Amino acid sequence: MTQANRKAIDDPLFSISRIVNRLHSQWLLWTYPFHSVGAEFWAHRSCELSRSVAPYIKIGDRVKMDRDVCLNIPLIPESDEPVIVLEDGCDIGRRCLICAKHRVQIGKNTIFAPSALVMDHDHAFDDLDIAISDPGTKEGGKIRIEEGCWIGFDAAIICSKGELVIGRNSVIGANSLVTRSIPPYSVVTGNPARVVKSYDQEENRWVLGTSQTTTQR
């Protein structure tokens, strides 16, 4: 058999796993009180999603959450507005954590590689007289990732105050730490993240970045 004629053959047990995951997704759709949830929602059975916070999660069409994804809201909000928003076509890779006190909004067709972190607050540690396990979290802010972004493997996006915005069609490199807003059509890498390349819409070409730290909005 030539390489061109070869076809990948799945383990038959994979079909059972796919069926179980599909049933689990339907169970979430039918029984969890989401703020709203669109068509073709899919979540791996290992995802961590509490029924008590479901009313504050808004999910669009064709959203996919891979194994061990965690959507966490540490404090029940006072209002009925959604705190985590996953817009149409979002694809959340395995082991990703999205944790929101105020609001985290993920734009359409944004893709997360595995193990990414998005958190709109930080842990409090300023009072040295309090044990590191006790002080809770800082006030935090809001995060908005605009449509068409790529969040690389093990990247972390953390907002300690104000609003952090990832501009549309931007790429966050693997292992990057983003704590400030970045403009649209940017490629950022590093810790702290810096713009290494951006798309100049006037000249219709990619240009090298200035290696300046991303700016706060």
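**A walk across the sheet**

Select residues 84-86 and 103-106 to begin: these are strand 7 and strand 10, which pair in the parallel sense over three bridges, where strands (E, at least two residues) and helices (H or I, at least four) are DSSP runs numbered from the N terminus, and two strands pair if DSSP finds at least two bridges between them. This is a predicted model, in which local features need pLDDT of at least 70 and side-chain atom pairs count only at pLDDT 80 or more, while totals for chains, interfaces and linings use all residues. Residues are numbered from 1 along each chain as its sequence is written, and side-chain values use heavy atoms, with hydrogens and water left out.

Within this pair, show isoleucine 84, whose bridge partner in strand 10 is valine 104, and then leucine 86, which stands opposite isoleucine 106 of strand 10.

Now widen the selection to the open sheet of six strands, whose order is 1-4-7-10-13-16 with parallel pairing. Its edges are strand 1 (36-37) and strand 16 (163-166), each of which pairs on one side only.

Finally, select the whole chain, which holds one helix and 21 strands. Colouring by burial (buried means under 20% relative accessible area, with a 1.4 Å probe and protein chains only) will pick out 39% of the 217 residues.

Note on methods: Buried < 20%, exposed > 50% of the residue type's maximum accessible area, 1.4 Å probe, protein only.
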